[in-house]
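Here are a few friendly notes to read alongside the model. Take them one at a time, and keep the 3D view open as you go.

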Amino acid sequence: MIVQEPLQVIVWDCLNNYEYDNAIFLAERLHAEFNSEETAFLLGTCYYRAGRINETHNLLQNISLSLPQARFLLAKCSVDLKFYKDAENALGTNMDVVVAEFGEQAPYALQLLAKIYTITERKSKAAEAYRKALSLNPFMWKSFAQLCNMGEKVEPSQVFHSSSEFSFGISTLVNLVNNSENISITSPFIPNNNSINNTVTPNNMVTRTSMPMSTSITPDSQVSVKRMHSVFSGIAPIPFSPSFGMLPMDESPAMYTPTLTDSNEQKAIPKIVNSLRAHVGQLKDAVFSPSGPRCTLGPAPRRSSRLFCTNNSSYSVKENNKSPSRKFVAPKSPSRKNKQRSVKNVKSNTETNERIKNVEATTPTMTPKNSNVVGLLNLLKDLGEAYKSLAFLDCKIAIKQFKNISAKQITSPWVQTMIARAHYELAQYEPAVKVFSEIRKQYPCRTEGMDIYSTCLWHLQREAQLSALAQELVELDRNNAISWLAAGNCFSLHKERETALKFFKRAVQINPDASYAHALLGHEYSVAEETDKALSSFRTAVSIDPRNYVAWYGIATVYAKQERWKSSEMQIRRALTIHPYSGVLRCQLGLAQAALGKMDRALATLERAVALDTDNPLCRFHRASVLLRAGRPQDALPDLHHLKDMVPKESSVYYLLGKVHDKLGNSHLALMHFCWATNLDPKGMSGHVKESFDPSKPEESSERP
């Protein structure tokens with residue numbers, strides 16, 4: 001007959017050590033023997049971690065679920081499989097009920113519920129769920145980031161605040177203790193000192209029968225370095241660990257002091273145990289209960305003896321207890337000196353126990369104030385301010401805020417990626433490429449942000465770098481959409497439209513929810529003159545992410561090609577509400593206004609575009625073209641001469657200069673610039689030059705956008 005509790009522990013041990021095949025095999029044996037919701041949840045967890053999502057969903061959906069952990073796992077599987085209605089039913093729709101039913105797991109359940117609301121286009125309810133998740137647990141960074149990405153106004157100083165009312169649950173704390181480096185505990189959660197009837201598994205699952213505690217203290221716990229209390233990992237013996245969330249153990253009033261009157265077993269208990277007891281006051285005598293087996297002197301017992309030990313001391317493993325019986329000899333009468341020393345040690349031991357009780361009474365919950373997580377919350381607040389600025393595309397402020405982060409954090413790849421992305425949003429492609437290249441050198445296996453990196457290289461026309469990047473990413477992970485986006489940008493730069501479209505389609509196939517991938521596919525369709533497919537891709541992009549201004553800009557350019565200028569102006573204004581600091585978007589708006597005959601508005605818009613982005617050649621080029629159309633060729637010359645220095649190999653600049661000189665009556669200068677434009681682009685410019693000198697054509701025909 002299979003015993004349920006030890007096998008559960010073995011399965012969790014396999015999961016914690018990433019041995020999923022073994023965990024699945026044992027969990028299937030357990031579920032076959034004990035067909036219950038608890039064993040089904042354990043088996044489903046094994047399937048899910050091994051990537052067998054369909055099997056997990058099929059297992060749990062055919063069971064009447066009452067455990068919140070099982071319902072949450074079913075909801076996650078349903079979301080992954082895009083069964084959003086089933087996921088919502090598993091979690092519930094009333095957020096207050098979700099909080100009450102899921103307990104400590106409520107923030108994660110609310111975050112998953114918010115994701116469902118976002119996908120099903122219920123933005124207000126999604127924002128409410130994200131905010132509630134943050135109010136329950138301020139460390140839910142993903143919820144904060146999603147609120148910013150949705151365009152919701154959220155104040156980091158109010159979210160990541162030291163007075164936020166949240167607490168770590170007792171079962172969560174037991175898990176933190178279980179995962180510490182120096183203490184291995186498999187303990188039941190004991191609500192009080194009188195009853196033992198539940199077991200806490202590594203996933204906080206309460207089983208129906210009790211299971212004794214087994215404690216093993218390894219010799220490695222006697223570390224000579226200064227030890228620290230850690231809120232997140234029990235005891236951290238590493239002297240160079242982060243300072244936030246840490247309290248020096250030397251200041252704790254509950255340090256264990258061994259005395260001469262202790263037994264041999266008590267001498268073997270390190271100071272770390274009593275210090276941990278003083279820190280986790282909620283557990284009181286639950287974890288380190290006298291009812292459990294005492295720690296033995298010498299090497300730690302083998303895992304098998306720890307897993308299968310019981311309260312009865314007679315059930316001991318033979319090789320771990322070589323002398324099961326101990327002969328007690330009546331001690332001799334102690335000397336006078338030893339008597340005095342014993343009395344003193346008894347008094348000091350009593351005082352220590354009283355201090356432990358006092359500390360336990362004064363630490364009922366783990367709040368940020370007494371667990372010293374203020375440093376972490378302050379760090380999250382600083383990162384939140386910078387991320388919020390970036391999400392609202394106030395990129396210059398975002399760069400300053402990210403650079404004010406601590407030196408250790410600013411060198412991390414995530415912060416560097418955010419800085420590079422801010423440069424990209426400002427159309428500062430050179431600085432962005434510089435940051436991204438450093439990230440590639442230090443973290444060659446990192447793919448986050450590499451799609452933006454490839455787009456920056458595309459704008460700078462760095463063919464060799466872009467080809468190398470695309471090849472490296474595809475070799476690194478062929479199942480990552482970012483790899484194929486880089487490959488698509490590479491072939492787009494080489495003007496190989498069919499191949500580029502094939503790779504962009506592959507990226508969309510791998511990740512259908514990637515809004516940026518749909519936007520790049522739409523732009524490639526637009527260049528290939530497939531306007532209907534381009535519009536379809538752009539609309540898919542904005543349906544996934546309504547704040548994707550690149551897709552709104554793409555729709556505006558397609559309408560401009562179709563000479564639907566009113567619609568183009570409307571779409572570009574929508575993009576500007578998302579990114580009001582973009583010079584490129586204002587350029588497109590100026591062109592639409594000029595085509596509608598609003599020359600004064602168009603010039604004012606283009607003036608602002610140049611002021612926003614003085615180094616962007618596109619803004620100056622469009623301002624010069626609108627000035628020429630408005631009958632002010634002389635005013636267009638400074639911009640065009642400046643563009644000759646900025647982009648000396650751009651044929652359209654020389655062509656426009658030729659038209660300006662032709663208007664001014666400088667025929668020899670006009671002819672010279674037309675020749676230069678033809679030399680730079682023989683195929684593209686020859687037709688335009690002929691139109692400029694053909695007197696049979698109306699003058700305004702060559703000036704249409």
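1. Let's begin with a helix pair. Helix α32 (residues 599–612) packs against helix α33 (residues 617–629) at an angle of about 160°, and their axes are 9 Å apart. That makes α32 roughly antiparallel to α33, a label for angles over 145 degrees, while under 35 counts as roughly parallel, 65 to 115 as roughly perpendicular and the rest as oblique. Axes here are lines fitted to C-alpha atoms, for helices over the stretch in contact, and angles run from 0 to 180 degrees between N-to-C directions. Helices are DSSP runs (H or I, at least four residues) and strands are runs of E (at least two), numbered from the N terminus.

2. Before going further, a word on the source. This is a predicted model, in which local features need pLDDT of at least 70 and side-chain atom pairs count only at pLDDT 80 or more, whereas totals for chains, interfaces and linings use all residues. Residues are numbered from 1 along each chain as its sequence is written, and side-chain values use heavy atoms, leaving out hydrogens and water.

3. Which residues make the contact between α32 and α33? From α32 come M599, A602, L603, L606, E607, A609 and V610, and from α33 come C619, R620, H622, R623, V626, L627 and R629. Contact means heavy atoms within 4.5 Å. By class, this contact has 9 nonpolar, 1 polar and 4 charged residues. Ala, Val, Leu, Ile, Met, Phe, Trp, Tyr, Cys and Pro count as nonpolar, Asp, Glu, Lys and Arg as charged, and the others, Gly among them, as polar.

4. The crossing of α32 and α33 is left-handed, meaning that the near helix is turned anticlockwise from the far one by less than a right angle (clockwise would be right-handed).

5. Now try α5 (residues 68–80) and α8 (residues 106–119), whose axes come within 11 Å and cross at roughly 25°. These two helices are therefore roughly parallel to each other. In α5, F72, A75, K76 and V79 meet Y108, A109, L112, K115 and I116 of α8. That contact divides into 7 nonpolar, no polar and 2 charged residues.

6. Residues 107–140 are 79% helix and 0% strand, with end C-alpha atoms 8 Å apart.

7. Finally, look for charge pairs. The whole structure holds 20 salt bridges, each a side-chain nitrogen of Lys or Arg within 4 Å of a carboxyl oxygen of Asp or Glu. One joins the side chains of E88 and R122 at 2.9 Å, N to O. E88 sits in helix α6 (residues 84–91) and R122 in the loop between α8 and α9, 34 residues apart.
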